[in-house]
Amino acid sequence: MRIKTISRSVDEFTRERSQDLQRVFHNFDPSLRPMEKAVEYQRALTAAKLEKIFARPFVGAMDGHRDGISCMAKNPNYLKGIFSASMDGDIRLWDIATSRRTVCQFPGHLGAVRGLTVSTDGNVLVSCGTDCNVRLWSVPRPSLEDSDLSSEKSTEPSAVYTCKNALLAVDHQFEGDLFATAGAQLDIWNHNRSQPVQSFTSGSHSVISVRFNPGEPDILATSSGDNHISIYDIRMSSAARKILMRTKTNSIAWNPMEPMNFTAANEDGNCYSFDGRKNEEAKCVHKDHVSAVMDIDFSPTGREFVTGSYDRSVRIFPYNGGHSREIYHTKRMQRVFCVKYSSDATYVISGSDDTNLRLWKAKASEQLGVILPREQKKHEYNEAVKNRYKHLPEIKRIVRHRHLPKPIYKAKAESRAMNDAKRRKDDRRKAHSAPGTVVTESHRTRRIIKEVE
Amino acid sequence: MEVALEDNNLMEKVLPPDEQEIDVELEAKEKKYLRGEGANLESLKDKKLKTQLASREKLYGKSAKAAAKIEKWLLPASAGYLETEGLEKTWRIKQTDIAKEVRETVRDVAFLHNDQFFAAAQKKYSYIYARDGTELHCLKERGPVARLRFLKNHFLLASINKIGQLHYQDVTYGDMVASIRTGKGRTDVMEVNPYNGVVALGHSGGTVTMWKPTSQAPLVQMQCHPGPVSAVAFHPNGHLMATSGKERKVKIWDLRKFEEVQTIHGFHAKTLSFSQKGLLAAGTGSFVQVLGDSSGGGGGYSRYMSHSMVKGYQVEKVMFRPYEDVLGIGHSMGWSSVLIPGSGEPNFDSWVANPFETSKQRREKEVHLLLDKLPPETIMLDPSKIGAMRPSRRKERPTRGEIEVEKEVAIEAAKSVEMKKKTKGRNKPSKRTKKKKELVENAKKTFPELEHSNIAGKKRRIGEDAAAELPASLKRFARKN
């Protein structure tokens, strides 16, 4: 006969010295883990509660401007710096990392500055404003001895170009040295020429915003005051595509990871995501804001975007989801006119009417700084187990809970009541008519009137 | 070129026989790690949800494959075995072949979540002691306790006392979660099912009842034996239960169908215990018998090994040691242990139970256990129901017409019952008609809703059955659920 019993020698299972690592053994057999689903549910509940405990999204406010902030620009080459411009012509470069102070000022504009953009190599800052000027500045290189906090340097513009009309927006091409300004018409400029290289006129309404495509250097999207969104190819002489909507679009952002898709921030409080090639219907309608959406910016991962709205809140939406995953608001933050998602996808910067720039965390309960690999694994596990059970009522209630300021809460309740009443009436109208005569329009096409070309 | 490609494809399909066997074996192991069937995604209409769930199912498949491979190749130890050659029988092999304070009555002892604490059911009250013997708590509320058991995931100390009261106490903050009057009298057979945390009591009438702390009535009542139940034991996978009765039978039950799977005749087992690998130890008198399952599902328990002690030593309790091939026997003169190859799980998981843990690891584990403490509401017969979807009500409420039809059928059946003709002057016609009327009344009583609606009779909102016949424009007046 052959006999074998379990015999374990202590050396194999314990460590020799205290400097050695403890050995860990795994057996994934489910019969060793009774009630694993209940334990997982309990862990998901604890993870949801902990997330809420650690949710402190507000990092700090940057004070300095003397009038409401009208626009901001990110420097693609330098993570810590952000440019902001206000309604009285004041342009500043901020260091948002540790000191949250102004590093450099660019005085010169006489009226409100309406557009700010930085070239892709980070050397040239372009600004335009209601004083009909386009100014080019050279961005100061950050040096190691730059710890002199008291001296706020100011620089002279490297070039000033004048236009006939007030300018409303500016954007720089992703590769190359062309930039586009929007005003009474759409102009394409070169850094070195004092007159626009190319001009596009379209109807009698002014062009409100411009955005170059990150993937194709010659394509840009604009929105105009007569509720159009137009896509131009600068190698052609007229618009490639035009979409007419019911209300005007305040801002457009292209998805950096899927450059054929763009999202338009509209005056009716919704954001519409379009596929640039197929414009008859929106890919997705993002509805959560109560008032006009003023600005929109995509995260560099392409999976989320941040919007700032006239209703004093900043919301973060998933790129394919209809509702926001997060809302940030403060009593002191008034109308938000511009938002930016930082280039490392960790922070969100909002500039608002109360002359402050505010820095928020993109994930409210994220632990900043260097995280040990064991901590990282635990965070990932918590996230995964919470997502697994987040449809169950107890956990859903905790995960979804957000405090809304009273005006927004009331406005949402009112709009919900109005929508319910409208839907009920439409259902009854449908029931009382011959089948097929009354057709419900889908949300994706509801606000689009037609597509031209 | 094309010919070469075809050859490659052919070669891939025909594997050598060894690899084919390994594939089949791995697939069988994978099933264990998949924990049930995958979801049916065909009926989903939402495309986004469908793709998300499909990618998740793929991930589950991959992780199950990886776990199966790990189990096959990477686990350090293998299980014990006892193989006989030729005509030898395993039960004839003896142990010699294999190797060569409280001064009052303590009725039961149970360890709490650690080896640092244990609870003892003493003569008058139960006490909780630390490892070195210092008394920590005196549990007066329960009275004299016959059996104590600890539910590990819920941190509940369950006990049954002499008058048949079941008490559950949460040991983290001392609250008595439930005290249930079983109503079945005195019993001292109590076991906890490790798979779902349900407490089973064996009664003197031969019933086994299963309890959970949130309800006053038992979950299940099974009539197991004609006489009193003397021992109950649960298989660690939660599907099998062994009971023994005084009529010299040990029965194995399947707990999913509540059916008897096997009966073993011949001895009255005072104590039963299952090992991690499914071996069943039964102790009677001074003799301990270990049964092994030859078939996978639990129906083929047969003699594997046996051990007889010195005559006169009465075996009180047997218990398998987890993760070792050892069976502990508690008897009237003390305690002894025997080796049973193949009874313990050879590979332990350090995060679940580590026999070699240091004190630091033990403290960390205690904190994690406390964080994962389950509320008593999670104790249910099928613990995998948590997080599952409620099955949709496919059968709708029967309409009024259907109920009437059923009622007619029941009345007809009651009327057509053959009445037994009684003799010796008890066959009066008046009594016969009275009895028949009673039967018809009873049949009508099972349909009370119609009675009430007949009585009401006033103008009321149209019921659901009529709603189906309404035109679309009047549907809003139908009664809403």
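**R35(B) is partly exposed, at 43% relative accessibility.** By the cut-offs used here, buried stands for under 20% relative accessible area, exposed for over 50% and partly exposed for values in between, with a 1.4 Å probe and protein chains only. The model is a predicted one, in which local features need pLDDT of at least 70, side-chain atom pairs count only at pLDDT 80 or more, and totals for chains, interfaces and linings use all residues. Residues are numbered from 1 along each chain as its sequence is written, chains are lettered from A and ligands numbered from 1 in the order in which they are written, and side-chain values use heavy atoms, with hydrogens and water left out. R35(B) joins E36(A) through a salt bridge, with an N to O distance of 2.4 Å. This pair crosses between chains: E36(A) belongs to helix 2 (residues 36-53) of chain A, and R35(B) to the loop between helix 2 and helix 3 of chain B. E36(A) is also partly exposed, at 25% relative accessibility. A salt bridge requires a side-chain nitrogen of Lys or Arg within 4 Å of a carboxyl oxygen of Asp or Glu. Helices (H or I, at least four residues) and strands (E, at least two) are DSSP runs numbered from the N terminus.

**The interface of chain A and chain B draws 40 residues from chain A and 57 residues from chain B.** Contact here means heavy atoms within 4.5 Å. Together the two chains bury about 4,600 Å², of which 56% lies on carbon and sulfur atoms. Buried area is the accessible area (1.4 Å probe) lost by two parts on being put together, summed over both. Across the interface, 16 residue pairs are in polar contact, both residues being at pLDDT 80 or more. A polar contact is a pair of N or O atoms within 3.5 Å; within protein, one must be able to donate a hydrogen and the other to accept it, and residues adjacent in sequence count only if both atoms are side-chain atoms. The side of chain B that touches chain A takes at least two residues from each of helix 2 (17-34), helix 3 (47-73), strand 1 (81-83) and helix 5 (359-371) of chain B. Helix 3 of chain B contributes the most, with 5 residues. By class, this side of chain B comprises 26 nonpolar, 17 polar and 14 charged residues. In this classification, Ala, Val, Leu, Ile, Met, Phe, Trp, Tyr, Cys and Pro are nonpolar, Asp, Glu, Lys and Arg are charged, and the others, Gly among them, are polar.

**Strand 1 (residues 2-4) of chain A pairs with strand 1 of chain B in the antiparallel sense, over 3 bridges.** Two strands are taken to pair if DSSP finds at least two bridges between them. In this pairing, I3(A) has L82(B) as its bridge partner. Elsewhere between chain A and chain B, R33(A) forms a salt bridge with D349(B), with the closest N and O atoms 2.4 Å apart. There are 5 salt bridges between the two chains.

**E71(B) and K32(B) meet in a salt bridge, 3.3 Å from N to O.** The pair links distant parts of the chain, with E71(B) in helix 3 and K32(B) in helix 2 of chain B, 39 residues apart. E71(B) counts as buried, at 18% relative accessibility, whereas K32(B) is partly exposed, at 32%.

**E260(B) and K251(B) form a salt bridge in chain B, with the closest N and O atoms 3.8 Å apart.** E260(B) is partly exposed, at 36% relative accessibility, while K251(B) is buried, at 11%. Among the other salt bridges, those that share partners join D29(A), K29(B), K32(B) and E71(B) into one network. The whole structure contains 34 salt bridges over all chains.

**Strand 4 (residues 126-130) of chain B is mostly covered, with 5 of its 5 residues buried.** S126(B), I128(B) and A130(B) point one way from the strand, and Y127(B) and Y129(B) point the other way. Strand 4 pairs antiparallel with strand 3 (residues 117-122) of chain B over 5 bridges, and these two strands form a hairpin with 3 residues between them. In strand 4, S126(B) stands opposite A121(B). Strand 4 is also joined to strand 5 (residues 135-139) of chain B by 4 bridges, again antiparallel, and S126(B) has L139(B) as its bridge partner in strand 5. The hairpin of strands 4 and 5 of chain B has 4 residues between the strands, and G133(B) in this hairpin takes a positive phi near 105 degrees.
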